[in-house]
Every structure is written in structure tokens, then in C-alpha cells.
Amino acid sequence: MESLHTNGELVTRTQGTGVDVVFLHGWGMNSGAFTSFIPYLSDNFRVTTIDLPGFGENAEFVPSPYNVETLAQSIVNQLPNQCVLVGWSLGGLVAQKLALLAPEKITGLVTIASTPRFIAGPCWPGIAADLLSMFETQLEKNYQKTLERFLAIQAMGSETAKQDIKAIREQVTQFPDPAEEALKKGLRILSTEDMRQDVGRITTPTLRLYGRLDSLVPTSGIDRICELHPQADTVVLPHASHAPFISHPQQTADILFRFAAGVYQQKAS
């Protein structure tokens, strides 16, 4: 049974029973991306999904300035106490910021296909700057086509790429379209946000989950992230790309369950 909540500005959705787990989605998406994954979790977790401001059911709420800090500030009061916070892609940047802003609310942090800095730079593997520029230019002309291309890149490499793209597309279109400003400024965050100096200060138990075939968050950068945040655990799914919870839902759910169980056991002792 799913329940819908409006607390202040933002809409959240909750279903299942058990340990609180909160999901934040990636750029151009909404909480619909997790629709087919939630049933793998809802026997053991109380799952809350929150559309990032400017996206999905929160499309009309676009904070200014639109950056990781204001996104995190707008979400912090929606988090249940003692939750495991899971951020996918852009949502992972916001989740990392929330772990720094409100560590008392978060028992565990999980990033899926995320990084402290998305754009490539000197000695830093990531998304090519010209690819993000191309998306920014295309966005002006045709949002739907830009999103299709972004979906194709996210699934690239996965053996089930076509099914993955179809599943995400069908799920996210059940929710309202994003605000144009949030799309543009969300891409700007991917181009400019750099949390590399900050992630070492995250004290919340952290799991970083990657897909080996991910072209947006290449595995060649994992060692660098480990150097910056050595206290985090790292898991790489060998056959997954940018959306492992779509291509490998059971495996991803098992990893989340083991991590959450370990965090709560550690807390109890």
C-alpha cells in the first residue's frame, strides 16, 4: 500500500514496512525510475521516494539558486529519522551533501552510479565536457529527444540495454514532466559541482555501488574516489551499467539489504 505525503513544499511517496530507506533519482528522471525496483525491497524496508525539486511531482518547486546545497536543504526535512539514504547519479551528489548537512538523520548512505564530481578533468575520469555541452544545446531544441539519448547512454553496455531503456522510459512517463529550468540547471550541476574536497568528511557509514560497464561514471575513477573517501565500502557489479537497480534488481536489493543490516547491527552494538 503506497501513501502520498505533502510536507511543506515537497511531495513524497512511502510504501512497505521496516527500516526506512529513501531514494533520490538522477537527472531528467523522477521517482518513477524506481517503480519496478521497490517490490524487491518492500518486504524488508519502508521505502520513501522523493522527486528532486523541479522534477516529477515536485516539478513546480524550483529553488533558487538551483544547486546541490539548495536541493539538499529543501529535502532535509522530508527525511525520516535514522534512514538509509540512497542517491542514484545526480541524486547521489544530493545524498552526499545531505550526509554532510544532516548526519544525525542518516544511518547509512548509498550512492548508485554516482561520484563527487561527474565531469572529467585532469587525472579525473568522468563525463566528457563536450558531451554535457551537447546535451545543454539539444535541450533547447527537444527535451524528449535529449532524454532518449541520455537514457541510451545510461543503459549502454548492459546486456539488457533495450529492455532497461524501455522500463525506465515507461516508468518515468507516469509522472509529470520536469521543469525546463531544473533540466538546464541540473545539467549545470553535473558540469560544475565538485565535492572532492568534502566527501572525506562524511562520517555516515557509506556504500558506493557502481556498474563496471557505466560510461557516465567510469570504473577507472573508482580508485580516486576511494582515496578521497577511504572509509566507504565499494561494490562493482560486473555486468551492470548506469542503472543496476533496473538491469540487476535482485542483486542490487541483496547488496542494499546486507549493507542496511550491517549498519543497524553496528549501531545496536
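How many of the 7 residues of strand β6 (residues 106–112) are buried? In this predicted model, 7 of the 7 are, so β6 is largely enclosed by the rest of the structure. Buried here means under 20% relative accessible area, exposed means over 50%, and partly exposed lies in between, with a 1.4 Å probe and protein chains only. Helices (H or I, at least four residues) and strands (E, at least two) are DSSP runs, numbered from the N terminus.

A word on the ground rules: residues are numbered from 1 along each chain as its sequence is written, and side-chain values use heavy atoms, with hydrogens and water left out. As the model is predicted, local features need pLDDT of at least 70 and side-chain atom pairs count only at pLDDT 80 or more, while totals for chains, interfaces and linings use all residues.

Back to the strands. Strand β5 (residues 83–88) runs parallel to β6, and 6 bridges join the two; strands pair if DSSP finds at least two bridges between them. Trp-88 sits opposite Ile-112 in β6. Elsewhere, strand β2 (residues 10–15) has 5 of its 6 residues buried, so it too is largely enclosed by the rest of the structure. Its partner is strand β4 (residues 45–50), which runs antiparallel to β2 and is joined to it by 4 bridges. Here Gln-15 faces Val-47 in β4.

Trp-88 turns up again in the largest nonpolar core, which has 85 residues. Such a core is a set of buried Ala, Val, Leu, Ile, Met, Phe, Trp, Tyr and Cys residues joined through side-chain atoms within 4.5 Å. Ile-75 is also among the residues with the most contacts inside this core. Leaving aside residues up to four places away in sequence, Ile-75 touches Leu-10, Leu-24, Ile-50, Leu-52, Pro-53, Val-94 and Leu-98, where contact means heavy atoms within 4.5 Å.

As for cysteines, the structure holds 0 disulfides, a disulfide being a pair of cysteine sulfur atoms within 2.5 Å. The sulfur of Cys-123 is 17 Å from the closest cysteine sulfur, in Cys-226, which is too far for a bond. Cys-123 is exposed, with a relative accessible area of 65%, whereas Cys-83 is buried, at 0%.
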